[in-house]
Amino acid sequence: EHEARGCYDRAMSTSTRTVHFETVIRREMPALNAEQARELAAIVATLVHEFEPEHIYVFGSQARGDAH
């Protein structure tokens, strides 16, 4: 959570945010494969750029790592 706050700088490019978020997502959600982590990171970066949310919650079986 605290790591993501530094990415709210509007001057930071979406691609830079995406790389940062992908690193965090891979660490926090190891069940995701590389493609899924990249896709989720791009979505999160877009949400942060457009809406500047305080938090983004990920839930469900993928987030828990027990998807079938």
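Axes here are lines fitted to C-alpha atoms, for helices over the stretch in contact.

**View 1. Packing of helices α2 and α3 in the predicted model.** Helix α2 covers residues 14-28 and helix α3 covers residues 34-51. The two pack at an angle of about 130°, and their axes lie 8 Å apart. The crossing of α2 past α3 is right-handed.

**View 2. Residues in the contact between α2 and α3.** From α2, the contact is made by Thr 14, Arg 17, Thr 18, Phe 21, Glu 22, Ile 25 and Arg 26. From α3, Ala 34, Ala 37, Arg 38, Leu 40, Ala 41, Ala 42, Val 44, Ala 45, Val 48 and His 49 take part. Sorted by class, the contact has ten nonpolar, three polar and four charged residues.

**View 3. Surroundings of Ile 56.** Ile 56 sits in the loop between α3 and α4 (61-64). With a relative accessible area of 35%, Ile 56 is partly exposed. Beyond its neighbours within four places in sequence, Ile 56 is in contact with Val 44, Leu 47 and Val 48. Val 44 and Ile 56 are twelve residues apart in sequence, and their C-alpha atoms are 7.9 Å apart.

View 4. The chain has a mean pLDDT of 83, with 84% of its residues at 70 or more.

Notes:
Residues are numbered from 1 along each chain as its sequence is written. This is a predicted model: local features need pLDDT of at least 70, side-chain atom pairs count only at pLDDT 80 or more; totals for chains, interfaces and linings use all residues. Side-chain values use heavy atoms; hydrogens and water are left out. Axes are lines fitted to C-alpha atoms, for helices over the stretch in contact, and angles run from 0 to 180 degrees between N-to-C directions. Helices (H or I, at least four residues) and strands (E, at least two) are DSSP runs, numbered from the N terminus. A crossing is left-handed if the near helix is turned anticlockwise from the far one by less than a right angle, and right-handed if clockwise. Contact means heavy atoms within 4.5 Å. Ala, Val, Leu, Ile, Met, Phe, Trp, Tyr, Cys and Pro count as nonpolar, Asp, Glu, Lys and Arg as charged, and the others, Gly among them, as polar. Buried means under 20% relative accessible area, exposed over 50%, partly exposed in between (1.4 Å probe, protein chains only). pLDDT is the predictor's confidence in each residue, from 0 to 100.
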